[in-house]
Amino acid sequence: MFFERPESGERAILVHLEMRDEAQQEDQREFKELVLSAGADPVELLIVRRQQPNARYFVGSGKVEEIRQAVVANEAEVVLFNHALTPTQERNLESVFQCRVLDRTGLILDIFAQRARTYEGKLQVELAQLEHVSTRLIRGWTHLERQKGGIGLRGPGETQLETDRRLLRVRLKTIGRKLEKVRKQRDQGRQARKRAEISTVSLAGYTNAGKSTLFNRLTQASVYVQDQLFATLDPTMRRLEIEGLGPIVLADTVGFIRHLPHKLVEAFRATLQEAAEATLLLHIVDAADENRDDNIEQVNDVLREIKADDVPSLLVYNKIDLMDGTQGRLDRDDQGVPQRVWVSAQTGAGVDLLLEAICERLAGEMVNEELRLSASEGRLRAKFYQQGAVLDESIGEQGEFILQIRMSRQDYDRILGRKPAPVDNW
């Protein structure tokens, strides 16, 4: 990866700023989980209260000195801020602390760098890292901003910083071309599924809401599951047979987080496009999280950014096993359309209701009919069996097949082409 990581957890000082503006406020508990997910060893948390950030150091000069003393006392190797810092602020703070300073965006990028496993995922992470670090290059090259002059060295030339920036631009273009190829391949896959009329159901939601556990429960897959933020980075897709509906493709995607860095949204657009072009979105919510309503809104913000907010969605409240007295249930609106499902991916409670809700939302209008097919229409009869739509079959007095079917109106019209007469017309 772009950044080399130490073999053991680095001792880290955590800095959290509390401001009056709730729109800029970050979650302190979530910050600690991010730090642990990154593999750091948090040794001290300092809370700063300000009305607005300081332009030079982000925090006041008095607090800068307090942080510096904490770095010396704890022999810390890195200072982590739960907020976005400007390149200038990072540079000023590093010159005071004499150790690395990382903001919230850099911390999330580091976690993504650890989680990426596929070729596409590594490309996307490297792209986001390079775009982030390109504005901070001067920090590492201040001693080389001017090359030494001398005999044979005077005249037009390129400083080390300029050389590095040029190489970065070349690398960014190369990654961009490779990711464009990946996007086209994904588009081809989606078009193939559309031609085959196979619906795609994408799991979306706040990080650590239990998406991968639910994905494994539904598909019997073995996707990596861990109680940490961004355990899943690379998208996984599996074919799933749903009774009464037929095959669908289920996609597990990267989790969202409040104030998800825009660079990550851009870099992972190829992956997130699976959510934007899904037939149905399963918005997975940690029902036991006290901030679940706020988390839902944060996910909706990202969905709007990737233009997936108009995709039909179904709220899935997960982890009901952590809530006393809560059972699996299916909530419907006034028209009887499924809107919310309460499940436990860990125990399996309510999963049957979830499959029922997916079937209803994808099928739309369901056809329940008894049809008669002549002996010469055996090929048509076979198509109904291939769809798993035949509930019962008997033979009529004239040797015709009498089928009791249940399937979506869309599949019904596609298979028949013409509509056989219902039984009561015979």
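A: Let's begin with the words for the parts: helices are DSSP runs of H or I with at least four residues, strands are DSSP runs of E with at least two, and they are numbered from the N terminus. This is a predicted model, where local features need pLDDT of at least 70, side-chain atom pairs count only at pLDDT 80 or more, and totals for chains, interfaces and linings use all residues. Residues are numbered from 1 along each chain as its sequence is written, and side-chain values use heavy atoms, with hydrogens and water left out.

Q: Where is Asn208 found?
A: Asn208 sits in the loop between β5 and α8 (211–219). Strand β5 itself covers residues 199–205.

Q: What makes the phi of Asn208 worth a look?
A: Its phi is near 70°, a positive value in a residue other than glycine. Most residues other than glycine have a negative phi. Lys319 goes positive as well, at about 65°, although it is not a glycine. Just after α3, Gln98 takes a positive phi of about 60°.

Q: Is Lys319 buried or exposed, and how do you know?
A: Lys319 has 17% relative accessibility, so it counts as buried. This residue belongs to the loop between β9 (313–318) and β10. Val285 is 34 residues away from Lys319 in sequence, but the two are 8.4 Å apart in space, C-alpha to C-alpha.

Q: Why is the contact between Arg372 and Glu400 called a salt bridge?
A: A salt bridge needs a side-chain nitrogen of Lys or Arg within 4 Å of a carboxyl oxygen of Asp or Glu. For Arg372 and Glu400, the closest N and O atoms are 2.7 Å apart, so the pair qualifies. Arg372 lies in strand β12 (residues 366–373) and Glu400 in the loop between β13 (390–395) and β14 (401–408), so the bridge ties together parts that are 28 residues apart in sequence. Arg372 is buried, because its relative accessible area is 19%. Glu400 is buried too, with a value of 5%.

Q: How do you know that Arg29 and Asp289 form a salt bridge?
A: Their closest N and O atoms are 3.5 Å apart, so they fall inside the limit. The pair links distant parts of the chain, with Arg29 in helix α1 (residues 28–37) and Asp289 in the loop between β8 (280–286) and α11 (292–305), 260 residues apart. Arg29 counts as partly exposed because its relative accessibility is 35%, while Asp289 is buried at 15%. Arg29, Glu33 and Asp289 are linked in a network of salt bridges. A search of the whole structure finds 18 salt bridges.

Q: What makes β5 and β7 a pair?
A: Two strands pair if DSSP finds at least two bridges between them. Strand β5 and β7 have five, in the parallel sense, so they pass. Leu203 stands opposite Asp252 in β7. Strand β6 (residues 236–242) and β7 pair in the antiparallel sense over seven bridges, and Glu241 has Pro247 in β7 as its bridge partner.

Q: Why is strand β7 called mostly covered?
A: Strand β7 (residues 246–252) has six of its seven residues buried.

Q: Which residues gather in a patch of positive charge?
A: They are Arg165, Arg169, Lys173, Arg177 and Lys178, on the surface. Lys and Arg count as positive and Asp and Glu as negative, while His and the chain ends are not counted. Patch members have over 30% relative accessible area and no salt bridge; like charges are joined within 9 Å, nonpolar side chains (Val, Leu, Ile, Met, Phe, Trp, Tyr) within 5 Å. Each charge is placed at NZ of Lys, CZ of Arg, CG of Asp or CD of Glu. Arg165, found in helix α7 (residues 160–195), counts as partly exposed because its relative accessibility is 37%.

Terms used:
Accessible areas come from the Shrake-Rupley method with a 1.4 Å probe; for residues, only the protein chains shown count as cover. Buried means under 20% relative accessible area, exposed over 50%, partly exposed in between (1.4 Å probe, protein chains only).
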